Protein chains: 2
Amino acid sequence: MSDAAALPLIGAAALRARAAARVLRTLPTDVKNAALAAMADALLERVDEILTANAQDVDAARAGGTPEATLDRLRLDAGRVAGVADALRLLIALPDPVGDVVRGSTLPNGLQLRQVRVPLGVVGIVYEARPNVTVDAAGLCLKSGNAALLRGSASAHRTNTALVAVLTEAAQKGGLPEGSVELLPADRASVGELLSARGLVDVVIPRGGASLIERVVREATVPVIETGVGNCHVYVDASADASMAEAIVLNAKTHRVSVCNAAETLLVHRDVPFLPRLLSALAQAGVTLHGDDAARDAHPAVVPATDEDWATEYLSMDMAVRVVDDLPAALDHIARWGSGHSEAIVSDSATAIAQFTAGVDAAAVLVNASTRFTDGGEFGFGAEIGISTQKLHARGPLGLPELTSTTYIVTGAGHTR
Amino acid sequence: MSDAAALPLIGAAALRARAAARVLRTLPTDVKNAALAAMADALLERVDEILTANAQDVDAARAGGTPEATLDRLRLDAGRVAGVADALRLLIALPDPVGDVVRGSTLPNGLQLRQVRVPLGVVGIVYEARPNVTVDAAGLCLKSGNAALLRGSASAHRTNTALVAVLTEAAQKGGLPEGSVELLPADRASVGELLSARGLVDVVIPRGGASLIERVVREATVPVIETGVGNCHVYVDASADASMAEAIVLNAKTHRVSVCNAAETLLVHRDVPFLPRLLSALAQAGVTLHGDDAARDAHPAVVPATDEDWATEYLSMDMAVRVVDDLPAALDHIARWGSGHSEAIVSDSATAIAQFTAGVDAAAVLVNASTRFTDGGEFGFGAEIGISTQKLHARGPLGLPELTSTTYIVTGAGHTR
């Protein structure tokens, strides 16, 4: 186990969280739900102090030259606070995964075997300047019986401090132990300590861009769930319906460009007759198209693409376009350049669809549907803490069950080998 | 993705495995089973060349002063080769996890959601001088649709080379792609390359002692499944039956001392009346007892224990003994010193059992049963590649389903958001 004393920024908080986790794992669902309700109430009751702290963060960020889009993510108002309180209340209605029996059997020797869901323990979350994540992450962790170590961005630190003060006071009144939710200092070094706190922290979930994920993967000795990098493709098969393809590609690219499940590259079978029309629709929607020679032949607005374009998660109104000889060539492209997030096919061929779903290695494969559907809310999970792009533990939207581990409970009557 | 050219020892093999994995994930079960049968046949047919290579390894190890116990683990004979061939055949009868639908639903908007098991891809295994692991690991990986990158010990390299030559020739005759099973060089540096081969290798599973696990956790940027470190406890409650307690403690400690599910520490409630008899039984069985003052008062053979004893996975005929005031004190000891492998309680109190199973955070909790039951074979999994002591992905014995990930397949009819 890491020595808490060697972690000056987070050691004390991690020890409190560790102690809290031992209590949280044994709490019945109704106690956790009552605490969530109290936390939601407290956010509304104490909205003024939250907004005062937030205004200071926003003013400081504006004075520091932060762009308006970032300020908007940072900014809270009464409506947004009510929104995060509502999100906490939604968690109350969701099933508690803790105690679920995943599998069970009676073995030939009479031993009773049950695999039961248990909390992970202490969950660290590293995220950027969205204060709503503070509340969402705390709520998801507590409902699943975990203590939360929150490391938000420096620019939101006053807001996060106010939010966590409100949440923890309500949670403790509701019977949750001290240490259930801890806000860590926003220093850069606190991330490093969190990533090395083996034995004190059970998992770290980074929520942020590619550079944060890279740092976490490089430095972490604590287990990590990677989230959120999405270089997603839509493949339009030779058999695709023209208007369905157009609707899906437009939706996947333009519905919301800054999110990980937005499409970044369009792959089109060379026999698709409607490529010019499809590219026109994208260009008219304001999309800058970066294409190979065949795409440039199909539409004058297409600018030349390089390997850089195939590799890029634009998160903007840009799209790479490549014409492929056949479906295997599309699979090759996705295997080479994809990030394993969401890959879509538009096709009316059952054979092509089967080949695509079998051949693509990603968290989600979408058949005649937009990549934008890869989302915990859309999947009916009720809430998500991120979208995992790794293969271990959990892949795709992370709901409450994904915030648990399991224990085998083996019951005998004096059994020996 | 890591640059294969920057991995001189393993890059070419990893690329072949990566290509093989794309084929393996799409192979039907009967093709994989036929290959397993061919591999088992080939091991028997070519037993002579395997034993010749093994004799060279054993001679070299003996000349290097390797102790007899280690030589015995390294040594193969016709019976042992037949044993590993049988183990391959057992895999044929096990269900193929690939394609299993883990959950599925039709969403309110008509989208059909299925979460389907898929292979992990390329699985790296780092292990010590047991040649049977070469065959077991290759078989488990192939049955679950994964390519295997095997990094065995230098002392078994001739044997492993012969085994992998036999296995791959048979596998390829059976229709599996080149690269399905690759043996990596036994250089120390090849482990480092494997651990850094992000994007080429999907997971590394170390099978070995604490120092190997430590190195892997420290160095790996590739996801890891930790296995095998077991500092396991048996807690004898005040309500325990004397003869049941004696049988379970003796079995857990002495049945096989060198394995991770052997017990290392005995915790005894201070109101247990039969502690002297229990310690006598252990001493008579040849166990060296390291105890606290109360244990030393109970039996003259007990030598003084230090914190070092609570921390140690002896893997020998030694056992630490501590008398605790109550069950919460036992839980505190386990939380402080346990490795999260297997923890047993002997008790006739339903309240105590419930408190113990809720309070212990481990891969397995055994109630009135020996810790030795934490085992894939004992659990009825048919085979295991190790016992995970981590909380993410899989905890406890790792069978075939634990060698898979999942993909969400989302089928629409032109759905957009």
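Two strands are taken to pair if DSSP finds at least two bridges between them. The model discussed here is predicted.

Q: In which sense do strand E8 and strand E11 of chain A pair?
A: Strand E8 of chain A covers residues 263–269, and strand E11 of chain A covers residues 318–324. Five bridges join E8 and E11, and at least two are required for strands to pair, so the two count as paired. Within this pair, A:Val268 stands opposite A:Val323 of E11(A). The sense of the pairing is parallel.

Q: Which are the edge strands of the open sheet of 10 strands?
A: The order of this sheet is E10(A)-E9(A)-E11(A)-E8(A)-E7(A)-E12(A)-E13(A)-E16(B)-E2(B)-E1(B), with mixed pairing. An edge strand pairs on one side only. The edge strands are therefore E10 (303–304) of chain A and E1 (101–106) of chain B.

Q: Which strand of chain B does helix H10 of chain A touch?
A: Helix H10, residues 242–254 of chain A, packs on the sheet, and its direction makes about 160° with that of E12(A). In chain A, H10 touches E7, E8, E11, E12 and E13.

Q: What relation holds between chain A and chain B?
A: Chain B can be laid on chain A with an RMSD of 0.0 Å.

Q: Which residue of chain B has the C-alpha nearest the axis?
A: The distance from the axis to this C-alpha is 1.6 Å. The residue is B:His393.

How values were computed: Residues numbered from 1 in each chain as written. Chains lettered and ligands numbered in written order. Predicted model: local features only at pLDDT ≥ 70, side-chain atom pairs only at ≥ 80, totals over all residues. Least-squares fit on C-alpha atoms with pLDDT ≥ 70 in both. Helix = DSSP H or I, 4+ residues; strand = E, 2+ residues; numbered from the N terminus. Contact = placed C-beta atoms within 7 Å. Axes fitted to C-alpha atoms, helices over the stretch in contact; angles between N-to-C directions.
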